[in-house]
Amino acid sequence: MGRVVVVSNRVAVPRRGEPSAGGLAVALKDVLKASGGLWFGWSGETRKNPTLEPRQVRAGGIDYATIDLSDEDHKGFYAGYSNNTLWPLFHFRLGLMEYDRAEAASYRKVNRDFAQALLPLLGPEDTVWIHDYQMIPMAAELRALGAQQRIGFFLHIPFPPFAVLSALPDAERLLRDLLAYDLVGVQTKRDLAGMINCFQDGLGLTPDATGGVRGEVAGQMRRAQLSAHPIGIDTRGFATLARKAAYGPETQRLTASMGDRALIVGAERLDYTKGLPHRMRGFAALLANFPEHLNKVTYLQVAARSRNEVASYRNLRRELDSLAGRINGDYAEFDWTPVRYVARAVARDTLAGFYRAARVGLVTPLRDGMNLVAKEYVAAQDPEDPGVLVLSSFAGAAETMEGALLVNPLDAEAMGETLDKALKMPLPERRERWENMMRGLEEQTATRWAESFLAELEELPLPEQDLLWAAPTRS
Ligand code: GDG
C-alpha cells in the first residue's frame with residue numbers, strides 16, 4: 001500500500017498558536033496520518049520568481065510540501081480564473097462571471113507547474129487525491145508527464161448542467177480534463193446529475209452501466225468513475241466544542257446582552273453565493289409582517305471577509321453595510337438593535353458557542369456545494385433544548401437534512417414566515433427534527449466521507465486502465 005497524497009490549492013500546514021482546524025482539515029489529516037501521507041499545494045505566499053522546488057516540512061506525522069506563486073499567477077490563476085470565472089460559473093451566476101484568455105492560460109500554467117513540482121515526490125504505489133475547482137486540469141498535466149498512479153478528484157462546489165457550463169469558452173477542455181481522473185466525486189445527487197449532463201451534452205459521453213465515462217485526454221484513452229460523496233463534519237468534536245464554549249466568556253457575554261430575546265445566527269465567508277442580502281431582507285420581512293417579534297428577536301450575522309481583491313466581493317460588502325444600517329434604522333429601539341452584523345471572523349470555539357445559544361440557525365445560500373455551517377449549527381445544539389435550522393433548498397446539505405425548514409432565499413416574505421414558524425416551534429417538534437438530523441450527521445462524518453472516497457478510488461480496477469494506456473504524449 002502506498003501513501004495518500006492530497007493536493008489542494010491551499011495547504012493547512014499547522015502553525016504554532018493557530019486555532020484548531022475545521023472538520024475538513026481534520027478529516028484529511030486523519031487519512032494522511034494513517035497512510036504516512038503527503039499534503040501538497042500552494043503555500044499561500046507570492047514572490048517574484050518562485051521555483052518549482054517544493055518546501056517540505058513534517059508535522060504531526062504528515063509531510064507537507066508547498067510551492068509559492070508569482071504575483072502574476074496569483075492574479076491570473078487565483079483571483080482571476082479560479083475566483084472570478086469558475087467560482088461564479090459553478091454557482092450558476094453567469095452575470096458575475098468574467099473571462100480573460102490570459103487568466104485561463106495562467107490557470108493552466110499553474111496546474112502544469114503543480115504537476116511538475118509534485119511528480120518527483122510521488123511513489124508508484126501512491127494514491128493522489130486532488131481537491132476542488134482550482135485544480136481541475138492537474139491530473140491531465142500529471143498524465144501528460146507519465147504519471148500512472150490512481151488519481152481522484154473531489155469538487156467541493158456545485159456542478160452545474162451543461163446549459164450553464166457551456167458559457168465558459170473552455171468548457172469542453174475542462175470536461176475532458178476530468179477524464180484524466182480515475183474517480184471524480186461531487187457532493188450531491190443533484191451535482192452528479194449536473195456532471196453527467198455535462199459529459200453527455202458537452203462531450204457526447206454517456207456513463208456505462210457502472211457509472212463511468214470513457215474518453216480521450218492527454219493522448220490517452222481513459223475511464224473516469226463518477227459518484228457523489230457528501231461531505232460531513234467532525235460531529236462529536238464539534239458538539240463537544242459547543243458544549244464547552246457555552247460556558248466561555250464570549251457566549252456568556254452574548255447571552256447576557258440578549259436578555260430574554262431569541263437569537264437568530266448566521267455565519268459565513270462574506271461571499272455572494274451565501275445569500276446574505278437575501279437573508280437580511282427575509283429578516284426584515286419577519287419584522288414587517290410579524291410585529292409580535294419586534295424587540296423580541298435579534299439576528300447576529302458573522303461574515304468573515306474574503307477575496308477582497310475581487311470587485312464583486314467589495315460590492316457585496318457595501319450592499320450589506322447599507323442593508324443592515326437600513327433595517328436597524330427602520331426598526332431599532334433605544335434598547336434593541338435588530339441586526340448585529342460583524343464583518344470579520346470570530347474564533348471557531350466562539351462560533352460554536354454562538355450557534356448553541358441561537359434559537360434559529362439561518363443558512364440561505366443561493367447555491368452551495370454542501371454548506372458545513374448548517375451541519376455545525378445542528379451539531380452544536382443542546383439536545384434538551386435544540387434550536388431550529390432554516391436552510392436554503394439550494395444548499396447541498398438540504399438533500400439530506402430533512403429536519404430543517406427549507407426556504408427559497410429569493411422569497412423574502414416566505415423567509416419571514418419560515419422564521420416566524422421556527423421562532424414559535426414547540427419543544428417536542430424541535431427535538432424530533434433535531435434528532436432526525438443529528439442521526440444523519442453522526443453517520444456521515446468528515447472522516448467517513450474521506451474514507452469512503454478513498455475506498456472507492458482504491459477499489460477501482462487499475463489493470464483495466466493499463467489496457468487503456470497509450471504512450472504519453474503532450475497535448
Ligand atoms: C466550500 C463549499 C462546502 C465561517 N465563518 C467563520 C468560520 N466559518 C467556517 C464555518 C465552516 C466554514 O467556515 C465554511 O464552510 P462552508 O461549507 O459553509 O463553506 P465554504 O467555505 O464555501 O466551503 C461548501 C465546503 O467547501 C466543504 O466541502 O460545504 O459548499 O463552498 O466550517 O464554521 N470559522 C471561524 N470564524 C468565522 O467567522 N473560525
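Student: What is the handedness of the crossing of α2 and α3?

Tutor: A crossing is called left-handed if the near helix is turned anticlockwise from the far one by less than a right angle, and right-handed if clockwise. In this predicted model, the crossing of α2 and α3 is left-handed. Helices (H or I, at least four residues) and strands (E, at least two) are DSSP runs, numbered from the N terminus.

Student: On what basis are these values computed?

Tutor: Residues are numbered from 1 along each chain as its sequence is written, and side-chain values use heavy atoms, with hydrogens and water left out. As the model is predicted, local features need pLDDT of at least 70 and side-chain atom pairs count only at pLDDT 80 or more, while totals for chains, interfaces and linings use all residues.

Student: At what angle do helix α2 and helix α3 pack?

Tutor: Axes are lines fitted to C-alpha atoms, for helices over the stretch in contact, and angles run from 0 to 180 degrees between N-to-C directions. Helix α2 (residues 71–90) packs against helix α3 (residues 101–118) at about 110°, and their axes are 8 Å apart. The pair is therefore roughly perpendicular; angles under 35 degrees count as roughly parallel, over 145 as roughly antiparallel, 65 to 115 as roughly perpendicular and the rest as oblique.

Student: How are α6 and α7 placed relative to each other?

Tutor: Helix α6 (residues 171–178) and helix α7 (residues 189–203) pack at about 120°, with axes 10 Å apart, and are therefore oblique to each other. Their crossing is left-handed. Glu172, Leu175, Arg176 and Leu178 of α6 meet Cys198, Phe199, Gly202 and Leu203 of α7. This contact of α6 with α7 has five nonpolar, one polar and two charged residues.

Student: What does the crossing of α13 and α15 look like?

Tutor: The axes of helix α13 (residues 372–379) and helix α15 (residues 427–443) come within 10 Å and cross at roughly 115°. The crossing of α13 and α15 is left-handed. Lys375, Val378 and Ala379 of α13 make the contact with Trp434, Met437, Met438 and Leu441 of α15. The classes are six nonpolar, no polar and one charged.

Student: Where is Gln381, and is Gln381 buried or exposed?

Tutor: Buried means under 20% relative accessible area, exposed over 50%, and partly exposed in between (1.4 Å probe, protein chains only). Gln381 lies in the loop between α13 and β14 and is buried, with a relative accessible area of 2%. Its side chain reaches the backbone nitrogen of Gly387 at 2.9 Å. Leaving aside neighbours within four places in sequence, Gln381 is in contact with residues including Tyr355, Pro386 and Trp434.

Student: Which side chain makes a polar contact with that of Lys274?

Tutor: A polar contact is a pair of N or O atoms within 3.5 Å; within protein, one must be able to donate a hydrogen and the other to accept it, and residues adjacent in sequence count only if both atoms are side-chain atoms. The side chain of Lys274 makes such a contact with the side chain of Asp368 (3.0 Å). Lys274 sits in the loop between β10 (262–269) and α10 (276–289) and counts as buried at 10% relative accessibility.

Student: What is the phi of Phe92, and what is that of Asp132?

Tutor: Most residues other than glycine have a negative phi. Phe92 has a positive phi of about 65°, and Asp132 has a positive phi near 75°. Phe92 lies in the loop between α2 and α3 and is partly exposed at 27% relative accessibility. Asp132 is found in the loop between β5 (127–131) and α4 (138–144) and is buried, with a relative accessible area of 12%.

Notes: Contact = heavy atoms within 4.5 Å. Nonpolar A, V, L, I, M, F, W, Y, C, P; charged D, E, K, R; others polar.
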